[in-house]
Amino acid sequence: MTLAEKILARASGRDRVKPGEYVTARIDQAVCHEALAAVALNLEAAGVKGVWDPDRIIVALDHYVPAPTQRAAAIQQLVRQSVQKYGLRHYYAENAGVVHQVMVEKGHVRPGELIVGTDSHTCTYGALGAAACGIGFSEMAWAAATGELWFRVPETIFFHLDGRLDPPLTSKDVSLKIAGEYGAEFAQYKSVEFHGPAARAMSVAGRMTMCNMSVEIGAKFGFFPPDETTWTYLKARGLERPEDLDRPAEPPPDRAIGLDLTSLEPQVARPHQVDNVVPVSRANGVVIHQAVLGSCTNGRLEDLKLAADILRGRKVAPGVRLLVSPASREVYRAALADQTLAVLVEAGAIILNPGCGPCFGGHMGLLAPGEVCLTSTNRNFKGRMGSDQAEIYLASPATVAASAAFGRITDPRELY
């Protein structure tokens, strides 16, 4: 069976499942951010007094931190009250970081688990071999009350990643290449597995980026099959290797989409769709007003270090605002300790608190009409970061850093 089939079979108490079948599956972990407020209101309206397992519902505030409005403050107050009311044991307050990064760092993600979350980028956890997806508030209320949810077993698309990625190329360039090549709905309600030597060579951080971006091609789940990189990461977090989950066999060549990364050029998604992707050479020279590093896609330590390597000894171009939002407090502290943040500050960056930051336009880094932003986040929809008359381009942390130095979209290979 594929990873999605294997996990859904276990979670639904069956020996086998087939694509297209509907199953009722037991949830291993449920994840909420500020949306817990809406979930709690749903539970209250339904007369639900308690949740299925207070130890398996994880909460972190990340979208509106610090609270920018009275309404946001009231929502966060309701979240804190709900955590107390239901006795939730894993609550990470405003300075922990993006919930997806926190989930992985704190050891809440294990290979073979089924995880649901009130955020579309919950699929990030497939980097460690978990079946994870975003769900709506009412679905989460049901899952929180009962510990189960229905799923349709998805078909699986296999990607075979060949060749190698040499810096400053990153897994973000691979994700954008796939989105541009196959489109935003290519994997609608399907599972995606990444195989091949280039996939196996990726770090856990790089894999998290790929799985995070899987939803941008419509995928229900995104997976890297667990391997020694997975086990080494888990061991460092104090987690043991599951005995019954081995790396599945590589799919037959005729079942996999091959992608050779050896000659891959840095990629850029132009406004206003994630799949409007071109090589950086076709976006070179576009003047930018803001550059953003961070989010659950590219706010990890290796992302910030790559940007710092490019900006070391350089300055952010006049007229450009470079905003840096580490994905978590742990990342923030590590970047402080190794001087990564010092390099970025010296270059002229503005360091934000850990969290979602400017990614979704909640309260930081809003764009004015006519402004252009180049960001390492995951979506460039019209109006996402402020004015619907602004333009958002997506790229890797390396491309964002190089472009911030020049004040225009730039191939990072010119500076690396």
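Trainee: Is R26 buried, partly exposed or exposed?
Mentor: This is a predicted model, and in it R26 counts as partly exposed, because its relative accessibility is 40%.

Trainee: Which side chain does R26 meet in a salt bridge?
Mentor: The side chain of R26 meets that of E148 in a salt bridge, with an N to O distance of 3.6 Å. R26 belongs to strand β1 (residues 22-26) and E148 to strand β7 (residues 148-152), so this pair ties together parts that lie 122 residues apart in sequence. E148 counts as partly exposed, with a relative accessibility of 25%.

Trainee: And how many salt bridges are there in the whole structure?
Mentor: A search of the whole structure finds 16 salt bridges.

Trainee: What about E113 and R110, how far apart are N and O there?
Mentor: The side chains of E113 and R110 form a salt bridge at 3.5 Å, N to O. E113 is at 10% relative accessibility and therefore counts as buried, whereas R110, at 33%, counts as partly exposed.

Trainee: Which residue does D227 pair with?
Mentor: D227 forms a salt bridge with R207, and the N to O distance is 2.8 Å. D227 sits in the loop between β10 (221-223) and α9 (228-236), while R207 sits in helix α8 (residues 204-212), so the pair ties together parts that are 20 residues apart in sequence.

Trainee: Are D227 and R207 buried or exposed?
Mentor: D227 is buried, with a relative accessible area of 11%, and R207 counts as buried at 1% relative accessibility. The cut-off behind that label is under 20% relative accessible area.

Trainee: Switching to strands, how many residues of β14 are buried?
Mentor: Five of the five residues of strand β14 (residues 290-294) are buried, so the strand is largely enclosed by the rest of the structure.

Trainee: Which way do the residues of β14 point?
Mentor: Q290, V292 and G294 point one way from β14, A291 and L293 point the other way, and all of them are buried.

Trainee: What does β14 pair with, then?
Mentor: β14 runs parallel to strand β15 (residues 321-325) and is joined to β15 by five bridges, with G294 standing opposite S325 in β15. β14 also pairs in the parallel sense with strand β17 (residues 372-375), over three bridges, and there V292 stands opposite T375 in β17.

Trainee: Now the open sheet of four strands: what is its order?
Mentor: The order is β10-β9-β8-β11, and the pairing in this open sheet is parallel. β10 and β11 (256-260) are the edge strands, as each pairs on one side only.

Trainee: How many degrees are neighbouring strands of this sheet turned against each other?
Mentor: On average, neighbouring strands of this sheet are turned by 20 degrees against each other, with direction ignored.

Trainee: And how many bridges join β8 to β9?
Mentor: Strand β8 (residues 156-162) and strand β9 (residues 191-195) run parallel and are joined by five bridges. In that pairing, T156 stands opposite S191 in β9.

Trainee: Last one, where does helix α1 lie?
Mentor: Helix α1 (residues 3-11) lies across β9 and β10, and its direction is at about 115 degrees to β10.

Key
Residues numbered from 1 in each chain as written. Predicted model: local features only at pLDDT ≥ 70, side-chain atom pairs only at ≥ 80, totals over all residues. Heavy atoms only, no water. Salt bridge = Lys/Arg side-chain N within 4 Å of Asp/Glu carboxyl O. Helix = DSSP H or I, 4+ residues; strand = E, 2+ residues; numbered from the N terminus. Buried < 20%, exposed > 50% of the residue type's maximum accessible area, 1.4 Å probe, protein only. Pairing = 2+ DSSP bridges. Axes fitted to C-alpha atoms, helices over the stretch in contact; angles between N-to-C directions. Contact = heavy atoms within 4.5 Å.
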